[in-house]
Amino acid sequence: MEVHPEAGKEGKPSCALVELQGDSSLQVEISDAVSERDKVKFTVQTKSCLPHFAQTEFSVVRQHEEFIWLHDAYVENEEYAGLIIPPAPPRPDFEASREKLQKLGEGDSSVTREEFAKMKQELEAEYLAIFKKTVAMHEVFLQRLAAHPTLRRDHNFFVFLEYGQDLSVRGKNRKELLGGFLRNIVKSADEALITGVSGLKEVDDFFEHERTFLLEYHTRIRDACLRADRVMRSHKCLADDYIPISAALSSLGSQEVNQLRTSFLKLAELFERLRKLEGRVASDEDLKLSDMLRYYMRDSQAAKDLLYRRLRALADYENANKALDKARTRNREVRPAESHQQLCCQRFERLSDSAKQELMDFKSRRVSSFRKNLIELAELELKHAKASTLILRNTLVALKGEP
Amino acid sequence: MAAEREPPPLGDGKPTDFEELEDGEDLFTSTVSTLESSPSSPEPASLPAEDISANSNGPKPTEVVLDDDREDLFAEATEEVSLDSPEREPILSSEPSPAVTPVTPTTLIAPRIESKSMSAPVIFDRSREEIEEEANGDIFDIEIGVSDPEKVGDGMNAYMAYRVTTKTSLSMFSKSEFSVKRRFSDFLGLHSKLASKYLHVGYIVPPAPEKSIVGMTKVKVGKEDSSSTEFVEKRRAALERYLQRTVKHPTLLQDPDLRQFLESSELPRAVNTQALSGAGILRMVNKAADAVNKMTIKMNESDAWFEEKQQQFENLDQQLRKLHASVEALVCHRKELSANTAAFAKSAAMLGNSEDHTALSRALSQLAEVEEKIDQLHQEQAFADFYMFSELLSDYIRLIAAVKGVFDHRMKCWQKWEDAQITLLKKREAEAKIMVANKPDKIQQAKNEIREWEAKVQQGEREFEQISKTIRKEVGRFEKERVKDFKTVIIKYLESLVQTQQQLIKYWEAFLPEAKAIA
């Protein structure tokens, strides 16, 4: 199925999830996307006056795996250990939506043609919404990279943006899969570090606070995200329920010969309009609440990863100190021990400095994003409630008015 | 389709001090029969009868309606009297008084006028005192409430007692306000009595709420959880609607059993309503037999009105069932939405607690509060969905089953008449044979039998005509009630939806400044 997002978006990045203060020297956006059977092809368009690039405006086509490759490249790069790496976009998943469309196609004879058309419309809208979301997620990933003063200068990033051929990273080979597995083991060790089980002493109040904060925050935001998803799905369910109700009221109305005829038909119309409004409430809650919570769940995980790296550096530093002491007491290989300890110390301090800045940026990013989305959520809820009230009142007037 | 027609008022001598009409209950649950499918030319604009409870348009139109309803009310009352007697000779079978030209009831042409003229003289003959009484301001006004469910007893012998309160200005009751305690089986017993008296002569007796062994067992066992309180509330509301519908029926209202149910402090226990009692089993067997009979009765329908109506009710039944199923799904999902919103509210509160930016933390706590209030809102709306919309539909699904039952009784009545005619024919043939064979002693017996069966045929015809007439009137009344009922409930339901939306507006308007305050 070919689906294209609206071409020609407004100049500034339209993603509400992250307020980006990038300058215009590097602008990245996903100008087009095509959904094929089992993959999505994103057209990544770059506009830049930076001397590094051959042209000022150029596009390449990328698939999801190439985004993941880019993300992993950043994570594994020691240079960026002190930075929050923007979370990788989630894999495009149309499975559920496709299944539902298929089930609808297989048909349920008790459903009228009108109902069928409406349900199909709903599912297609759902498919489109998922598609738009995945485009937005991939786009915001690139845009955060482009906005970050350090990350934007990465060589792999340039390759990703400019290299015309595909990057041959599709499908993780066995070595990479194993790598992924090992990475998870390391993660659990990190968990031990960060939860203080390992006995590592935190020296800095700021980071102590951040550690406790992020641990709790991440768990709770994940919870909130899951539950917001459920609320959104319930709203959707409710909206879908109005379809058969409206259809039944229509048939009732057309069969009646008395005053109930107009009443039922008006009611059928009302439920059809309420359905659309309810559907909009659901999708707005999805975008402004669920998606925001989901993004910051991932971002807070990225922040946690940063803390892990810093703690690892601290652990290395402490070990280097111990090794130096041992070397000094034995008076053997003191020089290498000294230089190693120096390196660890510098690395740790470098990480701590940049981590501090990153975490403060994370906080302000989070606060402004929540603010924007909560305001928009409230305004949209109000808009829909007012619209519902209006159509309900109009119907009531019509029903009460007739003899 | 012809619109409902209100006939012009008969007789101008009626006092018109019926101002108090407008308030409260449905006064003229119309005994006016309307013929929806008259082949005659369409009438001029119909007088709105439904205005009575909805609003107070000028008194003129309602007064007109009043008069006719008044007369029909008494027609019912007088028929009521006859129904108590074992023979059940309808009064109308007596010679019509000289002012009326007898018209056979089976013709469709100007049937309204015919029924009016048949009943008018009866009223004047029989119920002048009653008219006088009514004219003194005794209006058809009665209000029933079912409340205060109370558990009586313990264990498996426990039951719920409900308070039945009646407020009325009708003179047939000794007091104007009184209440009694009744249990569920009492209601079933009442219905059973009314059904046995009125169903088979064509009256649509409102069905009682259904039994629920599971529901009641939970209550008996003493589970104090929300599902058993919900069950009791559902039942209480259903019992109230049941009684309200029953008293709205002018004929049933006159019934002494109904009065006893409403008034007397002690009521003999209705044991025949127990599911597995002997009477219960007998009922089941009868129902099965009825089903078989219905399939084998092949009636020559001379009256297209009945065929059309039956089809109409069949369609209505199907559509209502479909709608009811969809509304039940709506109720279920709204409850889910409520539960999910509550869960989200909690996690939003937790998130707010964790958040270390003060203003954002505050805003998140406010969001949690808003969501909690919204959860309450969804719950209340789910109740409205259920008690107003869903229960209305299920009530009418059961009412239509009663209507279908009444049509079936008419068929059985016809069958009885048919059978009598066939038997008469056989007796006549037998007599002819005896005449030929010349057996004088048997002739007298044969002649007696012929006379007997002639009378039976006549009675069969009368009963069939009576039940047909009653059904026409009942269906007219039923349809009027249905329209009023649905309109009232739909309006109430929409108002509940408006309420919900307005509350939502309030909550989000209160939240918006909090969100904007995040700095």
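A: A polar contact here is a pair of N or O atoms within 3.5 Å; within protein, one atom must be able to donate a hydrogen and the other to accept it, and residues adjacent in sequence count only if both atoms belong to side chains. The model is predicted. Under that rule, 15 residue pairs are in polar contact across the interface of domain 1 of chain A and domain 3 of chain A, with both residues of each pair at pLDDT 80 or more. On the side of domain 1 of chain A that touches domain 3 of chain A, the residues fall into 14 nonpolar, 3 polar and 9 charged.

Domain 1 of chain A brings 26 residues to its contact with domain 3 of chain A, which brings 35 residues.

In one salt bridge of chain A, Glu78(A) pairs with Arg347(A) at 2.3 Å, N to O. A network of salt bridges links Lys100(A), Lys118(A), Glu122(A), Glu126(A), Lys236(A), Asp240(A), Glu272(A), Arg275(A) and Lys276(A).

Glu338(A) and Arg335(A) form one, with their closest N and O atoms 3.9 Å apart. Glu338(A) is partly exposed at 27% relative accessibility, whereas Arg335(A) is exposed at 67%. Lys372(A) and Glu376(A) form another salt bridge, at 3.5 Å from N to O. This pair is 4 residues apart in H8 of chain A, which again means a separation of about one helical turn. Lys372(A) is partly exposed, with a relative accessible area of 24%, and Glu376(A) is partly exposed at 22%.

The boundary between the chains can be described in the same terms. Contact between the chains involves 65 residues of chain A and 58 residues of chain B. Chain A and chain B bury about 5700 Å², with carbon and sulfur atoms giving 71%. There are 6 salt bridges between chain A and chain B; one salt bridge joining the chains is that of Glu355(B) with Arg366(A), at 2.6 Å from N to O. Polar contacts across this interface number 15 residue pairs, both residues being at pLDDT 80 or more. On the chain A side, helix H6 (205–255), helix H7 (260–330) and H8 each supply at least two of the residues that touch chain B. H6(A) provides the largest share, 26 residues. By class, the chain A side has 35 nonpolar, 13 polar and 17 charged residues.

Within chain B, Lys447(B) forms a salt bridge with Glu431(B), their closest N and O atoms being 2.8 Å apart. Lys447(B) is in helix H13 (residues 440–516) and Glu431(B) in helix H12 (residues 358–437), so this pair ties together parts of chain B that are 16 residues apart in sequence. Lys447(B) is partly exposed at 33% relative accessibility, while Glu431(B) is buried at 17%.

Technical notes
Residues numbered from 1 in each chain as written. Chains lettered and ligands numbered in written order. Predicted model: local features only at pLDDT ≥ 70, side-chain atom pairs only at ≥ 80, totals over all residues. Heavy atoms only, no water. Contact = heavy atoms within 4.5 Å. Salt bridge = Lys/Arg side-chain N within 4 Å of Asp/Glu carboxyl O. Nonpolar A, V, L, I, M, F, W, Y, C, P; charged D, E, K, R; others polar. Buried < 20%, exposed > 50% of the residue type's maximum accessible area, 1.4 Å probe, protein only. Buried area = accessible area lost by both parts, 1.4 Å probe.
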